[in-house]
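Please look over the entry below before reading my points. The notes are brief.

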Amino acid sequence: VRSAAIAALLLASLGCGSNTSTPVTDTAQTQQPASPGQGVALTGRLASSLAPPSSVVVLERVDGTELPVKTEAAIMDQAGYAFLPEFLIAQAGQLVQFRNSEDVLHNVRLTEVSSQKPVFNVATLAFGKYEHKLEPGFYNVTCDIHSTMRASILVTASPYAASTSEDGSFSMSHVRPGKYNLTIYSGTAPVVRPI
């Protein structure tokens, strides 16, 4: 209930446009875009009782309106014998770039979590890269050459996704006004609220 109330306040403010920052609550605000049609910047904070740090918040349109696909690549690097970041959020249709920033051979094995279906398994040469577009879902990322290298990717249909920081804060940019489902991924089952 608390998440739905916070989200309702956040998104209600998106349709209210003004020329200055409008405080919605003491922990959330929107900011008017520089030009019409760009959407607004949205920031907020989830209470720790609702979601622990590093939870994922996703806004998805419920009316079927097409949302823009991010033009910049989502990047996962291989450095220090680790995948960086360890958790990546990307959008369906967005290019995901897997980089190798080391002078050693790595590989990237990507598996879709719910079906355990392999997506690809490619070598990433020293200082090389591999690019791929993914469908919505959760993915496990591993390196067969270095078994301690592990990461995860969440691919959403929406460009409006963020991970919460240690204090529960998050931000999203260019959010367009409209009706959404708010999904919070913070445990074994996501919490979804229509807003």
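The points below go from the whole chain to two residues.

1. Basis. This is a predicted model, in which local features need pLDDT of at least 70, side-chain atom pairs count only at pLDDT 80 or more, and totals for chains, interfaces and linings use all residues. Residues are numbered from 1 along each chain as its sequence is written, and side-chain values use heavy atoms, with hydrogens and water left out.

2. Overall fold. The chain holds 195 residues, and 39% of them are buried. Buried means under 20% relative accessible area, exposed over 50%, and partly exposed in between (1.4 Å probe, protein chains only).

3. Contacts. Take contacts between residues at least 6 apart in sequence: 59% join residues at least 24 apart. A contact means heavy atoms within 4.5 Å.

4. Ala 162. This residue lies in strand β14, residues 160-163. Ala 162 is buried because its relative accessible area is 8%. Leaving aside residues up to four places away in sequence, Ala 162 touches Ser 55, Val 56, Val 57, Ile 89, Phe 170, Ser 171 and Met 172. Ile 89 is 73 residues away along the chain, yet the two C-alpha atoms are separated by 7.4 Å.

5. Phe 87. Strand β7, residues 87-91, contains Phe 87. Its relative accessibility is 30%, so Phe 87 counts as partly exposed.

Terms used:
Helices (H or I, at least four residues) and strands (E, at least two) are DSSP runs, numbered from the N terminus.
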